[in-house]
Amino acid sequence: MAGNSKKPKVSIVIPARNEEKHISECISSVKRQITSFPYEILVIDNASKDTTAKIATSLGAKVILEKHKGLSFVRQKGLDAAKGEFIVYIDADTRLPEDWISYMIGYLEDHPLLVGASCSFHFYDGKPMDGVGIFFFKQIVIPIASFLVRTFKRTDIIFGWAFVVRAEALRKAGGINKKFIFYGEDTGIAYRLRSQGRVKFLKNKYALISARRFQQKGIQKFSIIFDWTIFVLMLLGMHKEAEQISKAYLFSKK
């Protein structure tokens with residue numbers, strides 16, 4: 001059984017702020033999933049000023065408003081509202097391959113010690129030059145980050161474009177760390193989940209994501225100055241400093 005259910009096994013949580021250009025295809029990719037797991041679709045509208053909420057509602061998603069600006073607040077709102085045993089967080093500009101939910105949920109069910117898992121990515125709208133950025137991120141940043149985290153912290157990395165967690169484990173871990181307002185919240189989730197079990201990065205599975213943020217910021221600024229800096233600071237136990245980097249990015253957007 002798929003689609004909405006009174007007792008969903010999986011809660012699909014989609015954070016969205018002014019995503020009218022992407023939300024339709026994101027939700028549609030969820031509804032095209034080939035899966036027997038009953039699921040619900042929750043779009044957490046972060047005070048959008050466009051037609052994001054209207055589009056999501058028309059496609060059968062439950063829309064929940066979160067007025068407090070920041071991705072961590074939106075993810076927590078989704079956690080609070082989720083009825084499923086598993087929560088799948090996907091960005092509003094992410095598109096899932098048809099077997100993604102079945103594979104990821106099935107993987108966690110087959111590995112009971114795992115409390116979360118994330119995956120790699122491909123661009124669906126990238127330009128030829130973005131291939132350089134993809135190579136750098138996949139072949140250098142991800143392997144190094146994964147190795148360092150597993151070596152020193154006995155966990156793995158989570159990337160926010162698409163990942164799954166056991167809802168109860170995340171709640172027991174304290175939920176979302178709201179001090180990571182935007183960048184770094186996915187790393188914060190991985191660190192908090194360490195108290196409940198293992199996290200796994202599945203490099204052979206992927207989601208389809210937009211290249212827009214890489215193109216807007218440039219691969220070096222996007223992946224190094226923000227994500228990589230936050231990751232290294234947390235690895236060194238400098239959580240307050242990492243939180244400040246996350247806040248600095250949010251304020252620079254205002």
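These legends describe close-up views of a predicted model. Local features need pLDDT of at least 70 and side-chain atom pairs count only at pLDDT 80 or more, while totals for chains, interfaces and linings use all residues. Residues are numbered from 1 along each chain as its sequence is written, and side-chain values use heavy atoms, leaving out hydrogens and water.

**View 1. Helix α7, residues 185–193.** Helices (H or I, at least four residues) and strands (E, at least two) are DSSP runs, numbered from the N terminus. Because 8 of its 9 residues are buried, α7 is largely enclosed by the rest of the structure. Buried means under 20% relative accessible area, exposed over 50%, and partly exposed in between (1.4 Å probe, protein chains only). Among the buried residues of α7 are E185, I189 and L193.

**View 2. R75 in helix α3, residues 71–81.** R75 counts as buried because its relative accessibility is 0%. Its contacts (heavy atoms within 4.5 Å) include D91, F163, E185 and I189, leaving aside residues up to four places away in sequence.

**View 3. The largest nonpolar core, with 40 residues.** A nonpolar core is a set of buried Ala, Val, Leu, Ile, Met, Phe, Trp, Tyr and Cys residues joined through side-chain atoms within 4.5 Å. I12, I14, I90 and W100 touch the most other members. The largest share, 6 residues, comes from α4. Another core, of 21 residues, lies apart from it and includes I64 and A190.

**View 4. Helix α4, residues 100–110.** Its buried residues include W100, M104 and L108. The elements that the buried residues of α4 pack against include β1 (10–16), α1 (23–31) and β4 (86–90).
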